[in-house]
Amino acid sequence: MHTDRDTLFSRLWDNYCEVTPSAEDIHRLLDDTQGGEIVNDHIALRTFNLEKVNLDKLAAHFLALGYQEGGDYHFEAKKLFARHYEHPDPSAPKVFISELLVEQCSEPVQAIIHQLISQMDPAAVTADNFLYSGRHWDIDYPTYQTLLEESEYAAWVAAWGFRANHFTVSVNALSRFRTVAEINQVLKDNGYRVNSSGGEIKGSPEELLEQSSTMADRADVQFSDQTVAIPSCFYEFALRYPKPDGQLYSGFVAASADKIFESTDSC
Ligand code: OOG
Ligand code: NI
C-alpha cells in the first residue's frame with residue numbers, strides 16, 4: 001500500500017483525468033482566474049459490498065495513511081451505504097466511499113455482480129495501485145445495460161471499476177469565487193452542464209455544507225463486444241461553513257449526496 005499520500009492522490013487524479021477531460025479544463029479555468037493552487041475538499045470512490053471488494057477493502061488504503069473514520073450515510077432507495085474518512089492533517093482531502101448493498105438487488109443483478117467480481121485476483125485489492133486500477137473483469141454491453149436498468153450505480157462500477165469517481169474543489173480555498181452559485185455560473189458560461197437534481201446548489205448554510213457538480217463527461221469503454229461512450233466521472237465544488245466551535249464542518253449531508261450520485265446518470 002502507498003506510504004505517501006501525495007503520490008496516491010496524484011495517481012488518482014491522473015487516472016481520473018484520463019476519462020474526465022473537463023476536470024482539467026475547469027481546474028485550469030478556476031486556477032487561471034485565481035492564480036493559485038486548487039485545494040481538493042474530497043474525492044469519492046464506489047464499490048460493491050461483496051467481501052472481496054467492499055468499502056472496508058478500499059478504506060484500508062486510507063487507514064494505512066493515517067485516515068480515520070468519519071460519518072456513516074444510508075441511501076435506502078439507491079441501496080447504498082457510505083462512510084467518510086478524514087485525516088488529522090486538515091490539508092488532506094477527505095474521502096467518501098460508498099458501496100452497493102448487492103443482496104438487496106434482484107437475483108439477476110446479484111448474479112451478474114458476483115460473476116464479475118469472481119474474475120478478480122483477490123490479491124489485487126491490496127496492491128498499491130488498487131484504488132486507480134479500473135476494471136478487473138470482462139463485461140459485454142448488453143450486461144452493462146441490464147445493470148443500468150436497475151441501478152445506475154451498479155452499471156457505473158461494472159463499467160469503470162476502481163477509480164476516483166470525482167474530485168471536489170474546495171470553494172473555501174478559492175480566492176476569486178466565494179459562492180457555489182458563482183462557480184455554477186462560470187461552469188454554465190463555459191458550456192458545462194451542472195447537475196440540477198434537487199436544485200443546482202445542494203445543501204445550505206444551516207447544514208454547514210453547500211455543493212454542486214458537473215454532469216459526468218462521457219468516455220469510451222471497451223466492452224467485450226463493442227466500444228461505447230458512457231458517463232465517466234464528474235467534478236464537484238464544496239463550500240463548508242464553520243461549526244459553533246469555529247472549525248469548518250467536515251462531514252457530508254446525506255440528502256445532498258443522494259442527488260450528487262446522479263451526476264453519472266445518462267440524461
Ligand atoms: C458520491 C456522491 C456523494 C458527496 O460529496 O456528498 C458525494 C458518488 O457519486 O459516488 O460525493
Ligand atoms: Ni462528493
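**Reading a predicted model feature by feature**

User: V95 is buried, with a relative accessible area of 0%; what does the word buried mean here?

Analyst: This is a predicted model, in which local features need pLDDT of at least 70 and side-chain atom pairs count only at pLDDT 80 or more, whereas totals for chains, interfaces and linings use all residues, and side-chain values use heavy atoms, with hydrogens and water left out. Residues are numbered from 1 along each chain as its sequence is written, while chains are lettered from A and ligands numbered from 1 in the order in which they are written. Buried means under 20% relative accessible area, exposed means over 50%, and partly exposed lies in between, with a 1.4 Å probe and protein chains only. V95, at 0%, is therefore buried, and it is found in strand β4, residues 94–100. Helices (H or I, at least four residues) and strands (E, at least two) are DSSP runs, numbered from the N terminus.

User: How many salt bridges does the structure hold, and which residue meets R28 in one?

Analyst: A salt bridge is a side-chain nitrogen of Lys or Arg within 4 Å of a carboxyl oxygen of Asp or Glu, and the structure holds 12 of them. In one, the side chain of R28 meets that of D25, with 3.2 Å from N to O. R28 and D25 are three residues apart in helix α2 (residues 21–34), and so they are separated by about one helical turn. R28 is partly exposed, with a relative accessible area of 44%, and D25 also counts as partly exposed, at 36%.

User: Which salt bridge links distant parts of the chain, with one residue in a strand and the other in a helix?

Analyst: Consider R83 and D56, whose side chains meet in a salt bridge at 4.0 Å, N to O. R83 belongs to strand β3 (residues 80–86) and D56 to helix α3 (residues 55–63), so that the pair links distant parts of the chain, 27 residues apart. R83 is buried, with a relative accessible area of 14%, whereas D56 is partly exposed at 45%.

User: What does the salt bridge of E262 and K78 tie together?

Analyst: The side chains of E262 and K78 meet at 2.7 Å, N to O. E262 lies in the segment after α8 (254–260) and K78 in the loop between β2 (68–75) and β3, so this pair ties together parts that are 184 residues apart in sequence. E262 counts as buried, at 19% relative accessibility, while K78 is partly exposed, at 22%.

User: Which residues surround ligand 1, and where does ligand 1 sit?

Analyst: For the shell, a residue is near a molecule if one of its heavy atoms lies within 4 Å of it. Ligand 1 is surrounded by residues including R46, F96, N165, H166, F252, A257, I260 and F261. β1 (40–48), β10 (234–240) and α8 each supply at least two residues of this shell.

A polar contact is a pair of N or O atoms within 3.5 Å; within protein, one must be able to donate a hydrogen and the other to accept it, and residues adjacent in sequence count only if both atoms are side-chain atoms. An oxygen atom of ligand 1 is 3.0 Å from an N or O atom in the side chain of H42, a polar side-chain atom of Q211 lies 2.7 Å from an oxygen atom of ligand 1, and an N or O atom in the side chain of E236 is 3.2 Å from an oxygen atom of ligand 1. Taken alone ligand 1 exposes 320 Å², and the protein buries 100% of that, with areas from the Shrake-Rupley method and a 1.4 Å probe.

Ligand 1 sits in the largest cavity. A cavity is a set of points, on a 1 Å grid over the protein atoms alone, where a 1.4 Å probe fits but cannot get out, and a molecule sits in one if more than half of its atoms lie within 2 Å of its grid points.

User: Where does N49 lie, and which side chain makes a polar contact with its own?

Analyst: N49 is placed in the loop between β1 and α3, and it is buried, with a relative accessible area of 18%. Its side chain makes a polar contact of 2.9 Å with the side chain of E103.

User: What is the phi of K79, and what is that of L208?

Analyst: Phi of K79 is near 60°, a positive value in a residue other than glycine. K79 lies in the loop between β2 and β3 and counts as partly exposed, at 29% relative accessibility. For L208, also a residue other than glycine, phi is positive and near 70°, and L208 lies in the loop between β6 (202–204) and β7 (209–213).

Terms used:
On a 1 Å grid over the protein atoms alone, a cavity is a set of points where a 1.4 Å probe fits but cannot get out, and a pocket is an open set with protein on both sides within 12 Å along at least five of seven lines; lining residues have an atom within 4 Å of a point.
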